[in-house]
Amino acid sequence: MAERACQRCKYISYDKKCPICDSETSSDWSGLIVVTDPDNSKLAEELNITMPGRYALKVNK
Amino acid sequence: MFYAMRVLIGQEKNVAALLAQSIKHEDTGISAILAPESMQGYIFVESDKMLDMRHPALRVPNLRSLVEGDVEFDELKSFLNPEPAMVNIIKG
Ligand SMILES: [Zn+2]
């Protein structure tokens, strides 16, 4: 089963609806950032990521 | 600080995920791992400590080596928003 990324927050999961924000997910995504410590990450801050996890950099509908 | 690491081509996302798992309960200073689609054979690591590749948590399959010297945040920014113009248009 292909992994999907949320069209809104870009969180990666296998679900049709994002487990974090309940938005639609898409199987068409690229790039990856794994945030392990959002409180100490400039990258996470730049991307408005506040929860640890795996996120796509780009999500197409 | 931001560092580049060489990884086996095609394994960028896998190595990033494995590394994140491996460092989970370790004191490496790593806060994020970036695998941009357009950078074949490389991943980037954000850490508030100097990375020591002898640290056992940094030994994961297909992770080759640390690139000497650090990377500027501005150099990574271009990877974060592959379509900023479009987003701005949509949001009005
Ligand atoms: Zn979401």
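Student: What should I know before I start?

Tutor: This is a predicted model, where local features need pLDDT of at least 70, side-chain atom pairs count only at pLDDT 80 or more, and totals for chains, interfaces and linings use all residues. Residues are numbered from 1 along each chain as its sequence is written, chains are lettered from A and ligands numbered from 1 in the order in which they are written, and side-chain values use heavy atoms, with hydrogens and water left out.

Student: Is A:Cys18 buried or exposed?

Tutor: A:Cys18 is buried, because its relative accessible area is 3%. Buried means under 20% relative accessible area, exposed over 50%, and partly exposed in between (1.4 Å probe, protein chains only). A:Cys21 counts as partly exposed, at 21%.

Student: Where do those two sit?

Tutor: A:Cys18 is in the loop between S2 and S3 of chain A, and A:Cys21 is in the loop between S2 and S3 of chain A as well. Strands (E, at least two residues) and helices (H or I, at least four) are DSSP runs, numbered from the N terminus.

Student: What does A:Cys18 touch?

Tutor: Leaving aside neighbours within four places in sequence, A:Cys18 is in contact with A:Cys6, A:Cys9, A:Tyr11, A:Ser23 and A:Thr25. Contact means heavy atoms within 4.5 Å. With residues up to four places away not counted, A:Cys21 touches A:Cys6, A:Arg8 and A:Cys9.

Student: You mentioned A:Ser23. Buried or exposed?

Tutor: A:Ser23 is buried, with a relative accessible area of 17%. A:Ser23 lies in the loop between strand S2 (12-13) and strand S3 (25-26) of chain A.

Student: How do the strands of chain A pair up?

Tutor: Three strands make an open sheet in the order S2-S1-S3, with antiparallel pairing. S2 and S3 stand at the edges with a single partner strand each, so one side of each has no neighbour in the sheet. Two strands pair if DSSP finds at least two bridges between them. Strand S1 (residues 4-6) and S3(A) pair over two bridges, and A:Ala5 stands opposite A:Ser26.

Student: Switching to chain B. What is its layout?

Tutor: Chain B has three helices and four strands, in the pattern β-α-β-β-β-α-α. Of its 92 residues, 39% count as buried.

Student: Which strands does S3(B) pair with?

Tutor: Strand S1 (residues 2-7) of chain B runs antiparallel to S3(B), with five bridges. Strand S2 (residues 30-35) also runs antiparallel to S3(B), with four bridges. B:Val45 in S3(B) stands opposite B:Tyr3 and opposite B:Ile33. Five of the six residues of S3(B) are buried.

Student: What about the turn between S2(B) and S3(B)?

Tutor: These two form a hairpin with six residues between them, and B:Gly41 in the turn has a positive phi of about 85 degrees.

Student: Last one: how much area do chain A and chain B bury between them?

Tutor: About 1,800 Å², 65% of it on carbon and sulfur atoms. In chain A, A:Leu32, A:Leu43 and A:Leu57 lose the most area to chain B, together 31% of what that side buries. Buried area is the accessible area (1.4 Å probe) that two parts lose on being put together, summed over both. The contact takes 19 residues from chain A and 23 residues from chain B.
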